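Hi,

Here is the structure I promised to pass on. Have a look at it first, and then read my notes below.

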Amino acid sequence: GGRPPRPPRGFLCWVFLGGARGPPPARDFYSSQVYALLEQENTKLWHLSPLTLFHMYDEERKTGSFSVPEEA
């Protein structure tokens, strides 16, 4: 239970710019299933908020899978 984790400040900018301030490195995000779906235009994940994408990626990192919100 409890609140979901908050993304690190500037998380998506950091990931997309390849920053190295801490885990996860950009290459991990680029090799994630979340990113693979984000690249596919027909999934429409590109319209989700950065916070939602962070939670999906965080879930994938912690559990090995993730769920796509119904809004997608």
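Residues are numbered from 1 along each chain as its sequence is written, and side-chain values use heavy atoms, with hydrogens and water left out.

How far can you trust it? The mean pLDDT (the predictor's confidence in each residue, from 0 to 100) is 77, and 64% of the residues reach 70 or more. Among the elements, helix H1 (residues 11-17) has the lowest mean, 60, while H3 has the highest, 91. Where pLDDT is low, the predicted coordinates should not be read in detail.

Now the overall layout. The protein has four helices and zero strands; these are DSSP runs numbered from the N terminus, with helices being H or I of at least four residues and strands E of at least two. Of its 72 residues, 29% count as buried. If you take contacts (heavy atoms within 4.5 Å) between residues at least 6 apart in sequence, 43% of them join residues at least 24 apart.

Which residue's ring sits edge-to-face with that of Tyr57? There are four aromatic pairs in the count; rings of Phe, Tyr and Trp (its six-membered ring) pair if their centres lie within 6.5 Å, and planes under 30 degrees apart are stacked, over 60 edge-to-face and the rest tilted. Phe29 is the partner: the ring centres are 5.1 Å apart and the planes at 85 degrees, so this pair is edge-to-face. Phe29 lies in helix H2 (residues 26-30) and Tyr57 in helix H4, so the pair ties together parts 28 residues apart in sequence. Phe29 is buried too, at 1% relative accessible area. Together with Tyr30 and Tyr35, Phe29 and Tyr57 form one aromatic cluster.

Phe29 and Tyr57 also belong to the largest nonpolar core, which has 10 residues in all, including Val34, Leu53 and Phe66. By nonpolar core I mean buried Ala, Val, Leu, Ile, Met, Phe, Trp, Tyr and Cys residues joined through side-chain atoms within 4.5 Å. Helices H3 (33-39) and H4 (50-63) each supply at least two of its residues. Leaving aside neighbours within four places in sequence, Val34 is in contact with Phe29, Leu45, Leu53, Met56, Tyr57, Glu60 and Phe66.

H4 itself has 14 residues and reaches 20 Å from its first C-alpha to its last, close to the expected 20 Å at 1.5 Å a residue (1.5 Å times one less than the number of residues). Gly64, with a positive phi near 90 degrees, follows H4. Asp58 is in this helix and is buried at 7% relative accessibility. Its side chain makes a polar contact with that of Arg61 at 3.2 Å (a pair of N or O atoms within 3.5 Å; within protein, one must be able to donate a hydrogen and the other to accept it, and residues adjacent in sequence count only if both atoms are side-chain atoms).

Finally, Thr43 is in the loop between H3 and H4 and is partly exposed at 22%. The Thr43 side chain reaches the backbone oxygen of Leu37 at 2.7 Å.

Cheers

How values were computed
Predicted model: local features only at pLDDT ≥ 70, side-chain atom pairs only at ≥ 80, totals over all residues. Buried < 20%, exposed > 50% of the residue type's maximum accessible area, 1.4 Å probe, protein only.
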